[in-house]
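This report describes one protein model for a reader who is new to protein structure. Please look at the sequence and the 3D view first, and keep them at hand while reading.

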Amino acid sequence: MELAAEEEARSETLYADRRRATVAMWKVAADWWKVPGVVGLNVGYRTKFNQIVSPLQIAILVDVVAKQPRSYLAAKGKFIFPREVAGVPVKVRQTRYLSSIAAGISVSEAMASTTESGRLIGGMAISATETFDSWGTLGICLPDTGDHHNDHPGNLVAISNQHV
């Protein structure tokens, strides 16, 4: 069955599964965000080799910087994500995020080079220069008035959703 047709035929069941998976994810989210290397938590379709597979199955998706074999994690005494939470499968995926700052590009440089018009497009991953392993998605850039920190009036201040 084509995925779109399967999704339509099973929409009520998949919706209920998604709600159940979301509840399960929120029960573990606070602890899982503390695991080093975790960069994303979500609920979505189970995948194999980055492709959605049939039959469609809702899973808790954990994005990590570097996926390691369970045996390696056990030998090192590291946290191992369970295979399921409250009956919902857990899928750990290696995801690479490269912030513009980690790549050595300042917000001003990125703004000048991102597009021909010099606009920096929201949605790109950014981080502070001293925290390359912590990042957020760029929401907006505003001029620094210097009112709060008196650092550098006129420079750009980037606001991300890292705190969300």
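## Aromatic residues

Phe 79 has a relative accessible area of 37%, so Phe 79 counts as partly exposed. The model discussed here is a predicted one. Phe 81 has a relative accessibility of 8% and is therefore classed as buried. These two residues form an aromatic pair with edge-to-face geometry.

The structure holds two aromatic pairs. In the other pair, the ring centres of Trp 32 and Phe 81 are 4.9 Å apart and the planes stand at 85°, so this pair is edge-to-face. A pair of aromatic rings is described by the distance of the centres and the angle of the planes. The table gives both values for each pair.

| Pair | Centre to centre | Angle between planes | Type |
|---|---|---|---|
| Trp 32 and Phe 81 | 4.9 Å | 85° | edge-to-face |
| Phe 79 and Phe 81 | 4.9 Å | 85° | edge-to-face |

Trp 32, Phe 79 and Phe 81 form one aromatic cluster. Which parts of the chain does the pair of Trp 32 and Phe 81 tie together? Trp 32 belongs to helix α2 (residues 11-32), while Phe 81 belongs to the loop between α3 (70-75) and β5 (84-85), so the pair ties together parts that are 49 residues apart in sequence. Both Trp 32 and Phe 81 are buried.

Arg 18 lies over the face of Tyr 45, at 5.6 Å from the ring centre.

## Overall make-up

The protein has 164 residues, and 29% of them count as buried. Its secondary structure comes to four helices and nine strands. Along the sequence, these elements follow the pattern α-α-β-β-β-β-α-β-β-α-β-β-β.

The accessible surface of the protein is about 11,200 Å², and 54% of this surface belongs to carbon and sulfur atoms. Among the contacts with a separation of 6 or more, 51% are between residues 24 or more positions apart.

## Helix α2

Helix α2 bends by about 35° at Trp 26. Which residues of α2 are buried? They are Leu 14, Ala 21, Ala 24, Met 25, Val 28, Ala 29 and Trp 32. The buried residues of this helix pack against α1 (3-9), β1 (38-45), β4 (58-64), β5 and β6 (88-94).

## The sheet

Strands of a sheet pair through backbone hydrogen bonds, either parallel or antiparallel. In this protein, an open sheet of four strands has the order β1-β4-β6-β5, with mixed pairing. β1 and β5 stand at the edges with a single partner strand each, so one side of each is left without a neighbour in the sheet.

The pairings can be followed across the sheet in that order. β1 and β4 pair in the antiparallel sense over seven bridges. Val 38 stands opposite Val 64 in β4. How do β4 and β6 pair, parallel or antiparallel? β4 and β6 pair in the parallel sense, over five bridges. Asp 63 has Arg 93 in β6 as its bridge partner. Two bridges join β5 to β6, and these strands run antiparallel. Glu 84 stands opposite Pro 89 in β6.

How many residues of β4 are buried? Seven of its seven residues are buried, and the strand is mostly covered. Ile 58, Ile 60, Val 62 and Val 64 point one way from β4. Ala 59, Leu 61 and Asp 63 point the other way, and these are buried too.

## Two loop details

The loop between β3 (51-52) and β4 contains Pro 55. Ser 54 and Pro 55 are joined by a cis peptide bond, with omega about 5°.

Ala 86 lies in the loop between β5 and β6. Phi of Ala 86 is near 50°, which is a positive value in a residue other than glycine. Is Ala 86 buried or exposed? Ala 86 has a relative accessible area of 61%, so Ala 86 is exposed.

Terms used. Residues are numbered from 1 along each chain as its sequence is written. This is a predicted model: local features need pLDDT of at least 70, side-chain atom pairs count only at pLDDT 80 or more; totals for chains, interfaces and linings use all residues. Side-chain values use heavy atoms; hydrogens and water are left out. Rings of Phe, Tyr and Trp (its six-membered ring) pair if their centres lie within 6.5 Å; planes under 30 degrees apart count as stacked, over 60 as edge-to-face and the rest as tilted. Buried means under 20% relative accessible area, exposed over 50%, partly exposed in between (1.4 Å probe, protein chains only). A charge sits over a ring if NZ of Lys or CZ of Arg is within 6 Å of the ring centre and within 35 degrees of the ring normal. Contact means heavy atoms within 4.5 Å. Accessible areas come from the Shrake-Rupley method with a 1.4 Å probe; for residues, only the protein chains shown count as cover. The bend at a residue is the angle between axes fitted to the seven residues ending there and the seven starting there. Two strands pair if DSSP finds at least two bridges between them.
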